[in-house]
Amino acid sequence: MKRTLVFATNNAHKLKEIREILTERMEVLSLADIHIEADIPETADTLEGNALIKAHYVYDRTGLDCFADDTGLEVDELGGGPGVHTARYASEVYDPEANTQKLLRELQGKTNRKARFRTVIALIEHGEERLFNGVVEGEIATSPKGTEGFGYDPVFVPEGAGQTFAEMGEERKNEISHRARAVAQLMAYLNQE
Ligand code: IMP
């Protein structure tokens, strides 16, 4: 019998991606599948904290094993920011175009443009917490390039790639991305159980 695991998200893209990977062994349910409609408040000041809040929200209410993710862009020149504020960096309403413009303004004239994307996945299984990390190092371009992807993709150049995430396209991005690396860690753990 397939094991059931909740992914505490309603992001259709993330759900499709993870279902394709885990489909053989697990049934992955979304928040909508278990009738949780709330927009779970992300009030922690770390990615780990926010991923745990989301996973606990589900586990504590349903007792179902669950995982949740949280991603941030960490820019050295901004002291590791925007970090947990990545999605709403420029305004309270998610506006990816305004976010990238603000980031480019903040880094105008700066020589250190080093940054990384970090994804944390929190898994709660039988009440026990486990964290998985995926990181991709890179730097912030001086202007947006490319049309694929989403969010900060047009200004993020992964180390050694010579082009932005938005220029390289989904397939190549998925081989090296922060999220792919965090998911690989989760998979490796689930597969050894
Ligand atoms: P989330 O925790 O996955 O919702 O990610 C938070 C925010 O980080 C998103 O709203 C995006 O602005 C940004 N982000 C996360 N992953 C990526 C990515 O792969 N490319 C570009 N931006 C990303």
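Student: Before anything else, which residues count as nonpolar, which as charged and which as polar?
Tutor: Ala, Val, Leu, Ile, Met, Phe, Trp, Tyr, Cys and Pro count as nonpolar, Asp, Glu, Lys and Arg as charged, and the others, Gly among them, as polar. Keep in mind that this is a predicted model.

Student: Which of the 14 residues around the ligand come nearest?
Tutor: Those are Lys14, Thr71, Asp153, Lys173 and Arg179.

Student: What does Asp153 do there, in distance terms?
Tutor: An N or O atom in the Asp153 side chain is 2.6 Å from a nitrogen atom of the ligand. A polar backbone atom of Tyr152 is 3.2 Å from a ligand nitrogen atom.

Student: And Arg179, how far is its polar side-chain atom from the ligand oxygen?
Tutor: The distance is 3.0 Å.

Student: How much of the ligand's accessible area does the protein cover?
Tutor: On its own the ligand has 470 Å², and the protein covers 88% of that.

Student: Which elements give two or more residues to the shell?
Tutor: They are β3 (66-75) and α6 (178-192).

Student: Switching to pockets: what is the volume of the largest one?
Tutor: About 1200 Å³. The ligand takes up the space of this largest pocket.

Student: What lines the pocket, closest to its centre?
Tutor: Of 36 lining residues, Lys14, Glu42, Lys54, Asp70 and Ala87 are closest to the centre. The elements giving two or more residues to the lining are α1 (12-22), α2 (47-62), β3 and α6.

Student: And the lining by class?
Tutor: It divides into 13 nonpolar, 11 polar and 12 charged residues.

Key: Residues are numbered from 1 along each chain as its sequence is written. This is a predicted model: local features need pLDDT of at least 70, side-chain atom pairs count only at pLDDT 80 or more; totals for chains, interfaces and linings use all residues. Side-chain values use heavy atoms; hydrogens and water are left out. A residue is near a molecule or strand if one of its heavy atoms lies within 4 Å of it. A polar contact is a pair of N or O atoms within 3.5 Å; within protein, one must be able to donate a hydrogen and the other to accept it, and residues adjacent in sequence count only if both atoms are side-chain atoms. Accessible areas come from the Shrake-Rupley method with a 1.4 Å probe; for residues, only the protein chains shown count as cover. On a 1 Å grid over the protein atoms alone, a cavity is a set of points where a 1.4 Å probe fits but cannot get out, and a pocket is an open set with protein on both sides within 12 Å along at least five of seven lines; lining residues have an atom within 4 Å of a point. A molecule sits in a cavity or pocket if more than half of its atoms lie within 2 Å of its grid points. Helices (H or I, at least four residues) and strands (E, at least two) are DSSP runs, numbered from the N terminus. Grid points are joined across faces, edges and corners, and a volume is the space filled by probe spheres set on the points.
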